[in-house]
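Hi there,

Here is the structure I promised to pass along. Have a look at it first, and then read on for what turned up in it.

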Amino acid sequence: MAKSPEEEHPQKAFGWAARDNSGTLSPFNFSRRDTGEDDVTIKILYCGVCHSDLHTAKNEWGVTSYPVVPGHEIVGAVTAVGNNVNKFKVGDKVGVGVMVDSCKKCNSCHEGLENYCPQMILTYNSFSRDGTRTYGGYSDIVVVDQNYVLRFPENMPLDAGAPLLCAGITVYSPMVYYGMNQPGKHLGVAGLGGLGHVAVKIGKAFGLKVTVISTSPKKENEAIDRLGADSFLVSTDPAKVKAAMGTMDYIIDTIAAVHPLTPLLCLLNVNGKLVTVGLPEKPLELPIFPLVMGRRLIGGSNFGGIKETQEMLDFCAKHNITADIELIRIDEINKAMERLAKSDVRYRFVIDVGNSLSKVDQNAQASRLFYFAT
């Protein structure tokens with residue numbers, strides 16, 4: 001008979017999990033493996049709330065295996081290391097992103113592209129090599145192979161830096177790979193949310209002219225005055241869109257909802273590149289005429305490998321780039337998810353795990369919020 005999540009491993013753990021496609025999260029007792037020879041055990045201090053967490057909690061992509069503990073923007077402190085660990089020591093501040101393992105043998109792994117490994121193991125909603133479920137960062141501790149742990153820069157705040165482990169690398173990786181980092185070029189950022197606002201900051205650090213493309217005119221002042229964008233384009237204003245046609249070298253599309261690609265393609269000049277990193281729950285329509293007539297390219301990208309993610313963290317630390325966040329307690333997560341579904345966050349929720357999910361108040365939380373689980 002299969003063991004319960006609480007009995008699968010020796011280390012007791014506590015977090016918040018969704019148990020069905022309502023997406024409602026509630027207190028959850030489970031377990032983590034012991035610290036193996038190559039493992040790092042981490043006390044989680046902060047965890048960002050990614051839109052992927054919402055999709056997964058509600059099974060909007062159709063791949064969720066319940067119960068699921070979301071969270072793949074994890075920052076914490078090392079509490080134990082295995083005998084073979086030489087990269088980290090107890091007390092180090094570290095991060096864990098979207099993946100926690102891969103095969104280490106395929107071409108992708110050898111090239112530092114573990115994120116494209118066919119046997120990649122995700123931080124949550126995946127299965128470890130022993131067949132047990134992986135659980136994410138909405139929890140108190142996590143145990144990870146040292147090769148998938150990131151060193152957190154000393155000058156980077158832990159809370160505002162946490163979202164970089166997904167949002168940051170998801171925009172940094174394609175910008176570097178597709179050459180969208182050449183100073184003086186013109187970058188369009190479609191969508192000003194968790195990914196988009198970081199893309200603006202990274203684009204400016206690369207020396208690009210940056211235009212935010214959004215359906216919401218209310219975001220113009222924030223985009224320019226707060227985030228440093230050079231200009232703002234309301235995508236629902238036909239006259240302004242027409243005037244901007246053919247002016248951009250690149251567009252990074254961070255929109256996570258179904259939307260038309262034709263207006264974005266028409267904003268690109270000849271040989272322009274449109275790279276999509278948002279993950280809508282339904283397919284997008286690919287318009288061929290604007291693609292062919294402008295010799296334009298459409299590409300995609302997921303997050304980056306470990307080496308590139310560390311490079312991104314160091315780059316952001318050098319340029320003082322962090323996410324703009326709203327810090328919340330773990331017991332505020334369901335309200336935060338409701339707001340996230342409405343894009344009502346500027347621009348990333350981060351859970352203060354260390355102060356709101358400590359061992360001393362687990363019993364009190366579980367008792368006070370028991371009705372969530374019943």
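This is a predicted model: local features need pLDDT of at least 70, side-chain atom pairs count only at pLDDT 80 or more; totals for chains, interfaces and linings use all residues.

Helix α4 (residues 167-177) packs against helix α10 (residues 306-318) at an angle of about 100 degrees, and their axes are 10 Å apart. That angle makes α4 roughly perpendicular to α10. On the α4 side, the contact is made by G168, I169, Y172, S173 and V176; on the α10 side, E308, T309, E311, M312 and F315 make it.

**The parallel sheet**

Next, an open sheet of six strands, paired in parallel, with the order β12-β11-β10-β13-β14-β15. Which strands stand at its edges? They are β12 (231-234) and β15 (297-300), each with a single partner strand, so one side of each has no neighbour in the sheet. From one strand to the next, the twist averages 20 degrees.

Within this sheet, β13 (residues 248-253) and β14 (residues 268-276) run parallel and are joined by five bridges. If you want a spot to look at, I251 stands opposite L274 in β14. Helix α5 (residues 194-205) lies across β10 (186-190), β11 (209-214) and β13, and runs at about 170 degrees to β10.

**The antiparallel pairings**

As a reminder, strands of a sheet pair through backbone hydrogen bonds, either parallel or antiparallel. Strand β1 (residues 11-18) runs antiparallel to β2, and eight bridges join the two. A13 stands opposite F30 in β2. The hairpin of β1 and β2 has six residues between the strands, and there G23 takes a positive phi near 80 degrees. Strand β2 itself (residues 25-32) is mostly covered, with seven of its eight residues buried.

Strand β3 (residues 39-49) deserves a look as well. Of its 11 residues, 10 are buried, so β3 is largely enclosed by the rest of the structure. Its antiparallel pairings include these:

- With β4, there are seven bridges, and T41 stands opposite A80.
- With β8 (residues 141-145), there are five bridges, and V40 has V144 as its bridge partner.
- With β17 (residues 348-351), there are three bridges, and G48 has V350 as its bridge partner.

Is D92 buried or exposed? D92 lies in the loop between β4 (74-81) and β5 (93-96), yet it counts as buried because its relative accessibility is 9%, and the cut-off for buried is under 20%. Its side chain makes a polar contact with the side chain of R151, at 3.4 Å. Leaving aside neighbours within four places in sequence, D92 is in contact with G76, A77, V78, K87 and R151.

E154 is found in another setting, the loop between β9 (150-151) and α3 (158-161). With a relative accessible area of 85%, E154 is exposed. For orientation, E154 and R329 are 175 residues apart in sequence and 24 Å apart in space, C-alpha to C-alpha.

Happy browsing, and do write back with any questions.

Best wishes

Notes:
Residues are numbered from 1 along each chain as its sequence is written. Side-chain values use heavy atoms; hydrogens and water are left out. Axes are lines fitted to C-alpha atoms, for helices over the stretch in contact, and angles run from 0 to 180 degrees between N-to-C directions. Helices (H or I, at least four residues) and strands (E, at least two) are DSSP runs, numbered from the N terminus. Angles under 35 degrees count as roughly parallel, over 145 as roughly antiparallel, 65 to 115 as roughly perpendicular and the rest as oblique. Contact means heavy atoms within 4.5 Å. Buried means under 20% relative accessible area, exposed over 50%, partly exposed in between (1.4 Å probe, protein chains only). A polar contact is a pair of N or O atoms within 3.5 Å; within protein, one must be able to donate a hydrogen and the other to accept it, and residues adjacent in sequence count only if both atoms are side-chain atoms. Two strands pair if DSSP finds at least two bridges between them.
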